[in-house]
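Me: I would like to learn how to read side-chain features in a model. Can we take them one by one?

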Amino acid sequence: MGEQGGQCITCREGEGRMKVAFATEDGVLVNAHFGQSPMFTVFEIRHSGVQFLEHRRIALGSDENEAGKIASRIGLIEDCALIFLVQIGASAAAQVTKRTIMPVKVAFGSTIEEQIQRLQNMLARNPPMWLAKILHAEEGSGKAES
């Protein structure tokens, strides 16, 4: 993905877009449980392009207790519509979805690039109802622009 770190190629004004996060240990693979993920890699996804935004790392000391562990991670991805991960506990999943972030479980070791391509393919064709609703909500809320 040559888009990383710079411009979103061929993006048009006014088109649907959303931020998505990936629970990762290395910024390349989806290989972390939500509650143990040391960082989240964030991209902006549009119908016509992808833009790498940043690696958001967990602050030292934020994992003191279970509530702090979940809250610190949700705080890092609260502007995202989707979080791709390997596993998430029931309590964390409830808190994430309450913030209108959809957890998406994928196979351990899937590449972030592969998951982005799958998401773009869904958007390019006929996105499933749940994804179309998220994308439409993002357009109206400004969540993807923050």
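Me: Is R56 buried or exposed, and what is its relative accessible area?

Reply: Start with the ground rules. This is a predicted model, where local features need pLDDT of at least 70, side-chain atom pairs count only at pLDDT 80 or more, and totals for chains, interfaces and linings use all residues. Residues are numbered from 1 along each chain as its sequence is written, and side-chain values use heavy atoms, with hydrogens and water left out. Now the term: buried means under 20% relative accessible area, exposed means over 50%, and partly exposed lies in between (1.4 Å probe, protein chains only). R56 has a relative accessible area of 10%, so the residue is buried.

Me: Which residue does R56 meet in a salt bridge?

Reply: A salt bridge is a side-chain nitrogen of Lys or Arg within 4 Å of a carboxyl oxygen of Asp or Glu. R56 pairs with E54, at 3.0 Å from N to O. E54 counts as partly exposed, because its relative accessibility is 35%.

Me: How many salt bridges does this rule give?

Reply: The count comes to five. One of them joins the side chains of K19 and D79, at 2.9 Å from N to O. That pair links distant parts of the chain, 60 residues apart. K19 is in strand β1 (residues 17–24), and D79 is in the loop between α1 (66–77) and β5 (82–85). Helices (H or I, at least four residues) and strands (E, at least two) are DSSP runs, numbered from the N terminus. Both K19 and D79 are buried.

Me: What does R99 form with E78?

Reply: R99 and E78 form a salt bridge, with their closest N and O atoms 3.2 Å apart. Here too the pair links distant parts of the chain, 21 residues apart. R99 sits in the loop between α2 (90–98) and β6 (102–105), while E78 sits in the loop between α1 and β5. Salt bridges that share partners join K19, E54, R56 and D79 into one network.

Me: Where is T24, and which side chain does its own side chain contact?

Reply: T24 lies in strand β1. A polar contact is a pair of N or O atoms within 3.5 Å; within protein, one must be able to donate a hydrogen and the other to accept it, and residues adjacent in sequence count only if both atoms are side-chain atoms. The T24 side chain makes one with the side chain of D26, at 3.0 Å. T24 is buried, because its relative accessible area is 0%.

Me: Which residues does T24 touch?

Reply: Contact means heavy atoms within 4.5 Å. Leaving out residues up to four places away in sequence, T24 touches residues including L29, S37, M39 and I112.
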